[in-house]
Amino acid sequence: MFHNVYSNVVKTTPLVHTITNYVTVNDVANVILASGGSPIMADEVSEVEDITTICSSLVINMGTLNARTIDSMRVAGKKANALGHPVVFDPVGAGASALRNETALKLMETINFSVIRGNISEIKFLATGGGTTKGVDAAEADRITDETLDEVVAFAKRFAAKTGSVIAITGAIDVVADADKAYVIKNGHASMSKITGTGCMLTGIIGAYVGANAANPLEATASAVVAMGLCGEMAHEKMLRLEAGTGTLRTLIIDALSNLTADVLEKGAKVEIK
Amino acid sequence: MFHNVYSNVVKTTPLVHTITNYVTVNDVANVILASGGSPIMADEVSEVEDITTICSSLVINMGTLNARTIDSMRVAGKKANALGHPVVFDPVGAGASALRNETALKLMETINFSVIRGNISEIKFLATGGGTTKGVDAAEADRITDETLDEVVAFAKRFAAKTGSVIAITGAIDVVADADKAYVIKNGHASMSKITGTGCMLTGIIGAYVGANAANPLEATASAVVAMGLCGEMAHEKMLRLEAGTGTLRTLIIDALSNLTADVLEKGAKVEIK
Amino acid sequence: MFHNVYSNVVKTTPLVHTITNYVTVNDVANVILASGGSPIMADEVSEVEDITTICSSLVINMGTLNARTIDSMRVAGKKANALGHPVVFDPVGAGASALRNETALKLMETINFSVIRGNISEIKFLATGGGTTKGVDAAEADRITDETLDEVVAFAKRFAAKTGSVIAITGAIDVVADADKAYVIKNGHASMSKITGTGCMLTGIIGAYVGANAANPLEATASAVVAMGLCGEMAHEKMLRLEAGTGTLRTLIIDALSNLTADVLEKGAKVEIK
């Protein structure tokens, strides 16, 4: 699947309208470019409809939400829905504050998301309206392991069936599912959690991949998750070789994404279908 | 010209009041420092007059504009005009939304800009109130080539005459013009468009250069454009040598700017006067 | 002291609620992670009480303050005080505008800060309500030298006694004091001032260190100051070895922080008690 998904991105340079947090926004823009897309960040309510209209997809990331941008997310999402553009949701910190909880649930009611990507605690919150988080990280108790994997896959499929969205739960093991089919992905490295924004970056890449593969959101999302994980692995190995640290790791992840090919993706993928 | 322009920056460490977008703001601050200036980012309307008063120049970049910051741009610009400080305008995404279009044209009416820097689509929009863009990038049809160069030079001079601003149109070939004289600059490398914010960074550097060379905005701007292009070339070569990617490229551009000398600038400049 | 302070951070992974500027926020998040903490950036007034409740400490940095976030700083600070969480204040640019001056003094009245970190001009402004700054940098006349050191130490102790806060004045020489005891720290390198945000990063690290060492804010702050300075030195040396520049320097500082150990901290510290 990777060749098709990947070459569609490279061929079409999808414009990705991105409403995201100010913490990791620069990295998100750079990974969208490195992945073959083109990012536009615009979050003022009076222009988001114009901007989303000229784009291929919309990414909504609620990392540093506020009253002004929540409104923009809603308006942009509805417009993208009306235009049939894929919309990707990253519910950063869902579970961590009443504002995030209400915003996430309200956006879920208002907008049809093509893809929802979060850690297991965030996705559980969306599905159940409850649970625990550790700030913007998954709670220890929620971590996906080989023991809990089948259960998480079943949960992801059920939630995908309920929402009509592709559900991407990322962590040490990643699960990307629609109602019928799940990709279990074991790419990535634990050190990626030592830099801020690897989740946000992945959501940006998904935005580019589904923007260029709107008819195929499950495969596009799974490909993006593999790409990010694989680039994280390669970056980690190079970081060790260079005797560097997490500052360099972040740079090397972007490097790896910019040098990625469909062949490398195909060979490096650690994917199982459930 | 480079020695004078450059040594004025290094000697005076110009403070640059920068109202810019949150996507590339960190890189803009770092390239201003690397270029010998000192950045201050402040965008709250109640303080922008105080801040611009203690600075040498003002940069207005509308990359992620909103109602609050548009007001600040207007107030800061008028104050800088009153003080006789150079004001540099980067109309990011002009042509891409009604809000950007109106804001750009309104700011053009209200503020006397010393320098306006954008891609060809953005500058055409400012000049004609129309045209096409591809988000924050220039439209393919607008690209400056050797064939269209004379036409673009004439256009830039006319627009400079009309506005009283130095016009910097940047792309594969750069044109920096006032009413009478144009510098055509062929420094730079295509890979620079694969990282976010090289345009914004250049605008920041122009802010530092004109801040230290207020009497000489044409030469200051041309020097800044050469500096950015040349550092992009050097960074690109080193990126290839290191077998790295676009994450590293961005770091290397800042490295090159921080190590630049007037001699390197003089020797590396690919400049023609038209 | 370093072993205790440091191992408490690593053992507890303190969550640091960070209300900071959008210029350096990504670096602040990455250095908190590199130091063993976990950052959450949240600045909307309706959620800051929720977020600060689940955290170990709160950092308030007024680098790009605006009416909305000033309110959030006040509300978050009062809540953190009520919960007994350490609150760290970085009065970026105090002295540079009426808005910053009023905000800084108002926050000092409203919130009990465990630690206040700034350059000498900023801290003098807080103590006297006057003085000069050069934008976000210390005024030349204020620079701490061996000649003025005793005077600065006495000033820091007096201001610490008056406020009940640990006072961290950073520059070429750093002074970290409570009412009775001052650490004079000579780690660091001048090149650190050529990248934006080394002060903000340090404040973030202090947030992590005091979050994990709430009973011991003086030692926690001094340790963080040594850590940042020492990592700056190591990064500077490596930058020279690599024939790189300030873009790389910034990455190497984060690398060094991520590879730091209590032993390296102990051996590298250039500390004197006054």
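In the predicted model, chain C contributes 29 residues and chain A 25 residues to the contact between them, where two residues are in contact if their C-beta atoms, placed from the backbone, lie within 7 Å. At least two residues each of the side of chain C that touches chain A are supplied by helix H2 (25-34), strand S2 (38-41), helix H3 (45-53) and helix H10 (246-259) of chain C; helices (H or I, at least four residues) and strands (E, at least two) are DSSP runs, numbered from the N terminus. H10(C) gives the most to this side of chain C, with 8 residues. By class, the side of chain C that touches chain A comprises 16 nonpolar, 7 polar and 6 charged residues; Ala, Val, Leu, Ile, Met, Phe, Trp, Tyr, Cys and Pro count as nonpolar, Asp, Glu, Lys and Arg as charged, and the others, Gly among them, as polar.

Residues are numbered from 1 along each chain as its sequence is written, while chains are lettered from A and ligands numbered from 1 in the order in which they are written. As the model is predicted, local features need pLDDT of at least 70 and side-chain atom pairs count only at pLDDT 80 or more, whereas totals for chains, interfaces and linings use all residues.

Chain C is superposed on chain A by a rotation of 120 degrees with 0.0 Å of shift along its axis, at an RMSD of 0.0 Å; copies are superposed by least squares on the C-alpha atoms of residues with pLDDT of at least 70 in both. This is the relation of a three-fold axis. The copies use different surfaces, in that 10% of the contact residues of chain C recur in chain A. Of the residues of chain C, C:Tyr22 comes closest to the rotation axis, its C-alpha lying at 3.6 Å.

The contact of chain A with chain B takes 29 residues from chain A and 25 residues from chain B. Helix H2 (25-34), strand S2 (38-41), helix H3 (45-53) and helix H10 (246-259) of chain A each provide at least two residues of the side that touches chain B. The largest share, 8 residues, comes from H10(A). This side of chain A divides into 16 nonpolar, 7 polar and 6 charged residues.

Within chain A, 9 strands form an open sheet of mixed pairing, in the order S2-S1-S3-S4-S5-S8-S9-S10-S11; two strands pair if DSSP finds at least two bridges between them. S2 and strand S11 (271-273) of chain A are the edge strands, each pairing on one side only. From one strand to the next, the twist averages 20 degrees. Strand S5 (residues 115-118) of chain A pairs with strand S8 (residues 166-169) of chain A in the parallel sense over 4 bridges, and A:Arg117 stands opposite A:Ala168 in S8(A).

Two helices of chain A lie across strands of this chain. Helix H7 (residues 149-163) of chain A lies across S5, S8, strand S9 (174-177) and strand S10 (182-185), running at about 35 degrees to S9(A); axes are lines fitted to C-alpha atoms, for helices over the stretch in contact, and angles run from 0 to 180 degrees between N-to-C directions. H8(A) lies across strand S1 (15-19), strand S3 (57-61), strand S4 (87-90) and S5 of chain A, at about 165 degrees to S3(A).

Helix H8 (residues 198-211) of chain A also packs against helix H9 (residues 217-241) of chain A, the axes coming within 9 Å and crossing at roughly 140 degrees. H8(A) and H9(A) are therefore oblique to each other, since angles under 35 degrees count as roughly parallel, over 145 as roughly antiparallel, 65 to 115 as roughly perpendicular and the rest as oblique. The residues of this contact include A:Met201, A:Ile205 and A:Tyr209 of H8(A) and A:Ala220, A:Ala224 and A:Met228 of H9(A). The contact of H8(A) with H9(A) has 12 nonpolar, 4 polar and no charged residues.

In chain C, the axes of helix H4 (residues 67-83) and helix H5 (residues 98-110) come within 10 Å and cross at roughly 20 degrees. H4(C) is thus roughly parallel to H5(C). Their contact comprises 3 nonpolar, 3 polar and 2 charged residues.
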